[in-house]
Amino acid sequence: MATCFYFLGKKIFYFENNEPEILLHRLYCHTHFTNAVKCCIVLHCIRYRKWIFNVIESDVQKGKASATALANMKLNIEGLLVYFPYDYIYPEQYSYMLELKRTLDAKGHGVLEMPSGTGKTISLLSLILAYQKAYPLEITKLIYCSRTVPEIEKVVEELRKLIEFHCKETGEANNFLALALSSRKNLCIHPEVSALRIGKEVDGKCHSLTASYIRAQRLSDPSLPSCRFYEGFDAIGRQVPLPPGVYNLDDLKEFGQKKGWCPYFLARQAILHANIVVYSYHYLLDPKIADLVSKELTKKAVVVFDEAHNIDNVCIDSMSVNITRRTLDRCTSNVETLQTTIQRIKETDAAKLKEEYRRLVEGLKEANVARVTDVYLGNPVLPAEVLQEAVPGSIRTAEHFVGFLKRFLEYLKSRLRVHHVVQESAPQFLKDIFQKVCIDRKPLRFCAERLRSLLRTLEISDLTDFSAITLISNFATLVSTYSQGFTIIIEPFEDRTPSIANPVLHFSCMDPSIAIKPVFERFQSVIITSGTLSPLDIYPKILDFRPVTVASFTMTLARTCLCPLIVGRGNDQVALSSKFETREDFAVIRNYGNLLLEMSGVVPDGIVAFFTSYMYMENIVASWYEQGILENIQRNKLIFIETPDAAETSMALEKYQEACENGRGAILLSVARGKVSEGIDFVHHFGRAVIMFGVPYVYTQSRILKARLEYLRDQFQIRENDFLTFDAMRHAAQCVGRVIRGKTDYGLMIFADKRYARADKRGKLPRWIQEHISDGSLNLTVDETVQMSKHFLRQMAQPFRQEDQLGLSLLTIEQLESEEMLKKISQMAHQA
Amino acid sequence: MASLSEEVLLVLKKVRQRKQDGTLYLMAERIAWGPEGKDRFTVSHLYSDIRCQKISPDGKAKIQLQLVLHTGESSTFHFSNDSSALTDREAAKDLLQQLLPKFKKKANKELEEKNRMLQEDPVLFQLYKDLVVSQVISAEEFWANRMSTTNTENTLSDKKQDVGISAAFLADIRPQTDGCNGLRYNLTPDIIESIFRTYPAVQQKYGENVPHNLTEKEFWTRFFQSHYFHRDRISTGALDIFSECAKQDEKGNVTHLELYRYIRSGVLNVLTAEGLPKEKKIGGKPASTSNPNRTGKENSNSAIIKRFNHHSAMILAAGSRRGDAPNDQASETSSTDGNSRDSDLFQPPIKKVKLQEAIDYLDLQREDGPKTVALNLKKSDRYAHGPVPLESQKYTTSQDIINSITCIRHEMANYVPNLAQVLTSSAVSSAIAALSPGGVLMQTGTQQAINQMVPSEVQGELKHLYIAAGELLRHFWTCFPVNSPFLEEKVVKMRSNLERFQMTKLRPFQEKVQRQYLSANITGHLEEMLQTAYNKLHAWQTRRMMRKI
C-alpha cells in the first residue's frame with residue numbers, strides 16, 4: 001500500500017513501501033525540508049496513522065540525546081540513511097557513495113577510482129551496510145575481496161568500527177555476521193600443523209588429518225592421528241551457527257580455541273550465511289579454490305574488488321599453467337603411485353571401483369542440476385557441456401584412465417624435447433596430439449573431473465603430492481575447452497642462457513575475462529575500485545563487462561599537498577630517459593645519481609626511489625658506487641636497497657623505517673612491480689618524496705607478452721602501445737601514490753624521464769595526480785627540480801590544522817547538507 | 001724561567017726548530033723546546049693549547065713533527081739525529097698521542113662550560129670584566145667559587161653524550177695517490193672509532209692481532225686491502241684476516257634473516273602474504289633468480305647491494321647499541337615475544353594497535369582535549385623581539401575581567417568603613433609631609449631620586465660598581481667565621497682585593513663624579529660598605545692578636 005504525504009495541500013512525498021522504519025528514514029533524510037517542515041509533515045501524519053507519530057517521537061528523542069554528545073554523521077544518500085562513523089566527511093566520499101548507491105540501485109557493475117587515503121573502504125562499507133539494512137531482500141551479502149592478509153584485517157577492523165557505531169546510534173543489538181576468511185596457514189590452531197607455517201604443508205597436513213575417508217578409517221582403527229578441533233567442529237560446530245558479530249582472523253582463532261572448533265572450517269561454513277565476507281581475490285577468481293569455497297555463495301550479493309588495478313593479471317595467472325620437465329617427472333611418479341594403488345584396491349576392494357564406474361556413467365548430473373538451478377558459481381575449468389554428458393567410455397575405468405594419462409604425459413615429454421621455440425594455438429595443439437598419439441578432444445576435456453573422482457575413490461590421503469598431476473589434468477581440460485584466449489608456447493631454454501636446456505611449456509591465458517566471467521554473471525553487482533584505475537575505460541574492455549557506472553574522483557585539497565614534477569633534463573641538458581637506447585649511457589646514469597644526491601640533501605626523512613627493473617637497478621647502483629655518488633648520498637642519508645629475497649627486503653624495509661623514525665633519514669631503492677611498490681605505504685615521514693627513475697615498461701621481448709598484445713589487438717582493438725603504456729603508467733602511478741596516504745600527508749612525486757611529459761603518458765595518470773602537474777613542471781632540469789622541491793617542502797612544513805580543511809576538503813554534516821555544497825559536489829563529480 | 005720542578009717525561013736531543021738545533025722536552029702539562037746551550041725555552045706549548053699533531057710521511061728525507069695550535073699557529077720540529085731520528089719522532093708522537101686527548105677533553109670541556117656561563121649570564125659577564133679583566137682578582141679565584149656549584153649540577157649530565165656515526169665515514173677516508181703507484185689513507189681517531197663501533201668484528205680482530213701479530217699500520221693496510229672494505233671485491237686471499245669478519249657478519253645476517261622468515265607481523269607480512277599477484281608472469285622472465293651462471297659482474301653488483309644494506313643496518317645498530325644496553329635488551333626480548341611467538345594464540349597487542357592506527361582517519365575525527373587558543377601573529381618580528389615594555393600588560397581574559405568586576409562590585413556593595421580606627425586628617429597630612437622627600441624623616445636619605453640627578457651612563461656605571469663590590473664583599477663575608485688557615489689566608493687576600501677595588505675602580509669613579517657634580521655624594525653608601533668590611537677585619541685581627549698574646 002502506498003503512502004502519501006501532503007503539505008499545504010500539495011503532494012510532496014510518496015512511498016510505495018510501507019515499512020515504518022524506511023519511511024521514517026527517508027523522511028528524515030530528505031534534505032529539502034527544514035526541521036519546521038518536518039514537524040509539519042509529522043503533524044500531517046498524525047491524522048493518517050498513529051504509529052508513525054510514536055516512532056518519530058522516540059526517534060527524535062534519541063537523536064536529540066546523541067546530537068548533544070556529538071553531531072553525528074547520518075547521511076542522506078539519495079534517500080538512503082547512511083551511518084558514517086566519523087564526525088566529518090570528505091566531499092569525495094559523499095560523491096563516491098552516491099555513485100555506489102546508483103550502481104547498486106541499477107543492479108549492475110561499476111568501476112570507481114578514488115585516491116588512496118580518502119577513506120575509500122569506509123565509505124564503501126558504510127554505504128553497502130546501510131543498503132543491506134534498508135533493503136535486506138535485495139542485497140543479502142557483501143563479498144569484499146582484497147589482496148593481502150594485512151589488508152583483509154584492516155578492512156575487518158574498519159567494519160567493526162562501523163558496526164559498533166551503527167549499534168550505538170540505532171540502539172539495536174547487532175544482528176550482522178561479518179568475517180574474514182584466509183588460508184589454513186593463517187587460521188589453523190592445531191599446534192603441530194600450524195607450526196609448519198608454509199601454506200602447502202599446512203594444507204597437506206590438515207588434509208591428512210581431516211579428509212572424510214581418513215576419518216572413516218579411524219572408526220575402525222582409533223590409533224590414527226586426528227585433529228581434535230576438526231572433530232569438535234564436526235560434532236557440534238556444524239549445527240551451531242556463528243553468533244552475529246565481527247570476526248577478524250584472530251577473533252576466529254580465539255573463538256575456535258574457546259569452543260574447541262576448527263576456525264578454518266568454521267569460517268568456511270559461516271561464509272555461506274554471513275552478511276559480510278572479507279577474503280582474498282583468489283577465493284573468487286582462481287577456479288580451483290573458488291570451486292571449493294565460493295561455489296554456493298548467494299547470487300544476491302555485492303562483490304567488491306578493492307585495489308583492483310592489477311585484477312587482469314590475477315585473472316590471467318589463475319588460468320595459466322606452466323609445465324617444466326620437473327613437473328612431468330613428478331607426474332610420472334604420481335601416475336605410478338596411482339597405478340599401484342589401483343592394483344591394490346582391485347585385489348582387496350573391487351566393488352569400490354565398480355561403484356565409481358557406475359557413478360561416472362550417470363554423469364556429472366549433480367553438478368549440472370546445481371548449475372541449472374543457479375546455486376553454484378560457474379567454474380571455468382568445468383565447462384558447461386561437460387556437465388551434461390557422461391564421462392566418455394575410454395577413460396571411465398580406472399586403468400584406462402591411468403593409461404590415458406601416461407600417453408598424454410609421454411606426448412608432453414616429447415613436445416618438451418624440441419630445440420627451438422614453438423608457439424601454437426589450442427586447436428593446433430589438439431590436432432597435433434590427435435595425430436601423434438590419438439588422443440581425442442573429448443576425453444581430454446573430462447580429464448580434471450575424472451582425476452578428481454579417481455583420487456576420491458582411491459582415498460589418497462595427501463593431496464599435495466598429487467599437485468603435479470592435478471596441474472596436468474587441469475591443463476588438459478582447459479586446452480580442450482577453450483579454443484580462444486589461450487596460447488601455448490614451448491621454450492627450450494631461457495633467452496639469457498641459450499646454452500642451458502630448461503624447457504618450459506607455457507599454457508598462457510591471454511584473456512582475463514575468462515576467469516572473471518562467472519563472477520560477473522553470477523553476482524548482482526560487482527564493484528571494481530582502486531586508487532589508480534586510469535584510464536577507466538580500459539578495464540571494462542579487457543575484462544569484457546558492461547559497467548553501469550564509471551567514475552573517477554579526485555582528492556579535494558585545502559592545500560596542494562602533492563607536487564608532481566617531471567624531470568626531463570640533467571643540469572648539463574642531457575635528456576633523462578630509461579629507454580633502451582640510452583639505458584647504458586653514462587651521462588644519464590650520472591644525472592640520475594645527481595638527482596638523487598641533490599634530493600637527499602633537500603628532502604627531510606624518507607625518500608623512496610623506484611627503478612624500472614631489478615637488473616636496471618643493480619647496474620645503476622654499481623655505477624653509482626664506482627662514481628662515488630652513493631658515498632656522497634650517504635653523507636645525507638642511509639641507503640637501503642630492495643633485493644629479490646623477500647626476507648632480506650623486509651629487513652631492509654624495517655631498518656629503513658627505523659632510520660626515518662629516529663631522524664637520521666634514509667633512502668630506499670626499490671623496483672616498480674616489486675614487492676615494495678605494491679603493498680607498502682610510506683605514510684608521512686616514511687616517504688616525503690618518491691622518485692621514479694624511468695618509465696616502468698614490462699619486459700617487452702617476452703613471447704607471452706607478445707602473444708597477449710596480439711590477442712588484445714585482435715579481440716579488443718587495443719593497440720599494443722596503448723596497452724604497454726597503460727600498464728607502465730598504472731605501475732608508475734602505484735609507485736608514486738605510495739607517498740600520499742591522506743590529506744594531512746604530503747609528498748613530492750618526481751618522474752625522472754622526459755617521456756612522462758608526453759600527452760599520451762601523462763594522460764594515463766590518475767586524475768588526482770594529473771591535475772596537479774602544471775605546464776611549467778613538464779621538462780625540468782635537476783636544479784630546477786631541487787628549487788621547486790625546496791619551495792614546496794617549505795610551504796608544506798607550515799602547520800596545518802583541521803580548521804584549514806573544514807568547508808573545503810572536510811565537511812560537517814551541516815555543511816554537507818547545505819544546498820550550495822551539494823551543488824558544488826555534483827559539479828565536481830560531473831567533471832569526471 | 002724554566003721551572004724544572006715539573007716532571008719531565010721525555011727528553012729528545014738534536015731536534016731542530018727554525019733551523020736551530022736544540023732539545024725537545026715533553027713535560028706533564030706542556031711541551032717545550034730550548035735551543036742548544038741555553039737554559040731557557042723559546043717554544044713552550046701547553047698540551048691543552050694543541051689542536052693536533054702531524055707527522056711527515058715515511059720515506060721523506062726530513063723527519064718532522066708539526067704541532068698545530070688552537071689559535072692556528074703551528075711549530076715544526078725536525079728530528080735530525082742521524083741514527084735515531086725516526087725512533088725519536090715515533091716516541092714523541094706516541095707520547096703526544098696519549099697525552100693530547102686527555103688535555104683536549106679537559107680543557108675544552110672547562111672552557112666550554114665557562115664560556116657558556118658567561119654567555120648566558122650578562123651580569124656575570126660584566127662582573128667578570130670588572131673583576132678579572134681589570135685584574136682585581138685572578139680568573140681562578142673568580143671561577144673557584146662558581147665552578148664548584150656548576151660541577152655539582154653537571155654530575156648528573158656528566159655521562160658523555162654519544163656522537164652518532166656519519167653514514168659516509170668510509171667515504172671520508174679518501175685515498176690519495178702519492179704519485180708512485182701507492183695509495184695513502186688518512187685515518188683519524190674519529191674514523192677509527194666509527195669503524196670499530198660499526199663493525200665490532202673488526203674491533204675484535206684489532207684486539208686479537210694488534211700489537212702482538214701486526215703493527216697498527218699493517219693492520220689498517222690490510223683492512224684497506226681487504227674486500228671487507230672494498231665492497232665489490234669478491235675473492236678473498238687466504239691471508240686475509242678479514243675474511244673471517246665477513247663470514248661472521250654473513251652469519252649474523254643469515255641468522256637475522258632466518259629469524260625474519262618466522263616473524264610475521266604487521267606491515268612486513270605483506271611481502272610474504274598470500275595472494276600477491278605474481279607480477280613477473282606478465283613480463284615473462286622472472287627478474288632475477290638464482291641463476292647458476294650469472295656473470296661475475298652481476299654477482300659483484302648484488303654483493304654491493306647486500307653490503308649497502310648491511311652497512312646501513314650496522315650504522316643504525318651502532319647508534320642504538322651505545323644507548324643503554326639493558327634497556328635495549330629488554331625491548332628486544334619483548335618484541336620477539338610479541339612477534340615471533342604469535343603463532344597460535346598470543347595475539348600481540350602491538351598488532352592490534354597497528355591495525356587500529358592503520359584504519360584511523362585523524363582528520364575526520366573531532367579533536368578531543370581542551371580547546372587551545374591558536375597564536376595568531378600579525379607581526380611575527382614583534383613576537384621574536386619580545387614584548388615592548390610600554391605595552392606590556394598582564395593578559396586577562398574577558399571572563400577574568402568580568403569576574404573581577406563583579407567581585408569588586410560585590411565588595412563595594414558590602415563595604416563598611418571602620419570609622420573607629422581612622423586617623424584625623426591633620427595627623428595624616430603631617431605624616432605624609434614627614435615622609436616626603438625633604439620631610440623630617442627623610443633628612444638623611446638622598447633628597448632627590450637618583451634618576452633625576454645623574455645621567456644614565458653614570459647610573460649604569462654605578463650599578464656595575466655595586467654589583468662588583470657586592471660580589472667581592474660576598475667573598476669577604478663568606479670567610480666569617482674564620483675557622484681554618486685557608487679562610488684566614490683568603491680573608492686577608494680579600495681585604496687586599498677590596499682595597500685594590502677601591503683604588504682602581506671606586507676612586508676614579510668618585511673623581512669623575514666629583515668633577516662633574518661636585519655636591520653629589522653617590523658613592524657614599526659603597527664606601528660605607530667597604531668601611532664596614534675593613535672594620536670587621538680590623539676587629540677580627542685585633543681580637544686574634546689579643547688572643548695570641
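**Sheets, rings and cysteines in a predicted model**

Good morning. I begin with strand 15 of chain A, which is covered on both faces: S525(A), I527(A) and T529(A) on one side, and V526(A), I528(A) and S530(A) on the other, are all buried. Buried here means under 20% relative accessible area, with exposed set at over 50% and partly exposed in between, for a 1.4 Å probe and protein chains only. Strands (E, at least two residues) and helices (H or I, at least four) are DSSP runs, numbered from the N terminus.

A word on conventions. This is a predicted model, in which local features need pLDDT of at least 70 and side-chain atom pairs count only at pLDDT 80 or more, while totals for chains, interfaces and linings use all residues. Residues are numbered from 1 along each chain as its sequence is written, chains are lettered from A and ligands numbered from 1 in the order in which they are written, and side-chain values use heavy atoms, with hydrogens and water left out.

Which strands run alongside strand 15 of chain A? Strand 5 of chain A (residues 109-113) is joined to strand 15 by 4 bridges and runs parallel; in that pairing G110(A) has I527(A) as its bridge partner. Strand 10 of chain A is likewise parallel to strand 15, over 4 bridges, and there V304(A) is partnered with I527(A). Two strands are taken to pair if DSSP finds at least two bridges between them.

These strands belong to an open sheet of 8 strands in chain A, with the order 8-7-9-6-10-15-5-16 and parallel pairing. Strand 8 (245-247) and strand 16 (547-552) of chain A stand at the edges with a single partner strand each, so one side of each has no neighbour in the sheet. From one strand to the next the twist averages 10°; the axes are lines fitted to C-alpha atoms, for helices over the stretch in contact, and angles run from 0 to 180 degrees between N-to-C directions. Within the sheet, strand 6 (residues 141-146) and strand 10 (residues 301-305) of chain A pair in the parallel sense over 5 bridges, with K141(A) bridged to A301(A).

Chain A also holds an open sheet of 6 strands, with the order 17-22-21-18-20-19 and parallel pairing. Its edges are strand 17 (562-566) and strand 19 (638-641) of chain A; each has a single partner strand, so one side of each is left without a neighbour in the sheet. The twist averages 15° from strand to strand. Strand 19 pairs with strand 20 (residues 666-671) of chain A in the parallel sense, over 4 bridges, and L638(A) finds its bridge partner in A666(A).

I turn to polar contacts, defined as pairs of N or O atoms within 3.5 Å; within protein, one must be able to donate a hydrogen and the other to accept it, and residues adjacent in sequence count only if both atoms are side-chain atoms. D312(A) lies in helix 16 (residues 311-319) of chain A and is buried, at a relative accessible area of 0%. Its side chain makes a polar contact of 3.1 Å with the side chain of R730(A). T649(A), in helix 31 (residues 646-661) of chain A, is buried at 2%; a polar atom of its side chain lies 2.7 Å from the backbone oxygen of T643(A).

Next, the aromatic rings. Rings of Phe, Tyr and Trp (its six-membered ring) pair if their centres lie within 6.5 Å; planes under 30 degrees apart count as stacked, over 60 as edge-to-face and the rest as tilted. Over all chains, a search of the whole structure finds 35 such pairs. One of them, F196(B) with Y206(B), is tilted, at 5.0 Å centre to centre and 55° between the planes. F196(B) lies in helix 5 (residues 189-198) and Y206(B) in helix 6 (residues 200-209) of chain B, so the pair ties together parts 10 residues apart in sequence. In chain A, ring pairs link F408(A), Y411(A), F429(A), F475(A), Y482(A), F486(A) and F507(A) into a cluster.

For C227(A), the nearest cysteine sulfur is that of C262(A), 5.7 Å away. C227(A) is buried at 8% relative accessibility, and C262(A) is buried at 7%. Thank you.

Conventions
Disulfide = S-S within 2.5 Å.
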